[in-house]
Amino acid sequence: MKGFKEFIMRGNVIELAVAVIIGGAFTAIVTAVTDNLINPLIASFGSTEVGGLGFLLREGNDATFMDFGAIITAALNFLIIAAVVYFLIVAPMNKLNDAHKRRQGIDPDAVEPTETELLIEIRDLLQAERGNTTETGANNPRI
């Protein structure tokens, strides 16, 4: 149980769960908007014989209708839901995490030192401990 509790309490798992729940709930709203506003606009570009943006592979057989409007609608549904989840959940969580790091004295925008810079610093510290400070710093970048 302890391992499961640690897994559940991780920030990214909770964020993912909230995103899935909100995304699922928001899907009904987006579907209603696209079905009742966007689909009629897309369908208006179809011909008078065909009820939408697409074409029939076989005349008289509605099962052969290639409906491009439905594909465009599904893509719009995805983009709208992804934008809402990002702007209402992910972006605020990132701001909260940055604020939390700042309160702890960590600068989230600070540039991490490179591996070479860290190795040079370690070398300089070791040489300073030994009392050998003749070849330190940027004058001797060899490690």
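Among the contacts in the chain that join residues at least 6 apart in sequence, 36% link residues at least 24 apart. The model examined here is a predicted one. Of its 143 residues, 16% count as buried. The chain exposes about 11,200 Å², and carbon and sulfur atoms supply 64% of this area.

The secondary structure consists of four helices and two strands. Read from the N terminus, these elements follow the order α-α-β-β-α-α. The UniProt annotation "transmembrane region", taken from an unreviewed entry, covers residues 12-33 and 68-93. In the model, residues 12-33 are 100% helix and 0% strand, and the C-alpha atoms at the ends of this span are 30 Å apart. Residues 68-93 are likewise 100% helix and 0% strand, with end C-alpha atoms that lie 37 Å apart.

The largest nonpolar core of the chain is made up of five residues, namely Ala19, Val30, Ile81, Val85 and Ile89. Helices α2 (11-43) and α3 (68-103) each supply at least two residues of this core. The largest share, three residues, comes from α3. When residues up to four places away in sequence are not counted, Ile89 touches Val18, Ala19, Ile22 and Val84. Of these residues, Ala19 is itself a member of the core.

Helix α4 comprises the 16 residues 115-130. Within α4, the residues Ile120, Arg123, Asp124 and Gln127 are buried. Seen down the helix axis, the buried residues of α4 fall within an arc of 100 degrees, and they therefore line one face of the helix. Such an arrangement can be related to the geometry of the helix in general. An α-helix has 3.6 residues a turn, so residues three or four places apart point the same way. On the other side of α4, Glu115, Leu125 and Glu129 are exposed. Just after this helix, Gly131 takes a positive phi of about 85 degrees.

Terms used. Residues are numbered from 1 along each chain as its sequence is written. This is a predicted model: local features need pLDDT of at least 70, side-chain atom pairs count only at pLDDT 80 or more; totals for chains, interfaces and linings use all residues. Side-chain values use heavy atoms; hydrogens and water are left out. UniProt positions are given in the numbering used here, feature names are shortened, and annotations may be inferred rather than shown by experiment. Buried means under 20% relative accessible area, exposed over 50%, partly exposed in between (1.4 Å probe, protein chains only). Contact means heavy atoms within 4.5 Å. Accessible areas come from the Shrake-Rupley method with a 1.4 Å probe; for residues, only the protein chains shown count as cover. A nonpolar core is a set of buried Ala, Val, Leu, Ile, Met, Phe, Trp, Tyr and Cys residues joined through side-chain atoms within 4.5 Å. The expected span of a helix is 1.5 Å times one less than its number of residues. The arc is that of the directions from the helix axis to the C-beta atoms.
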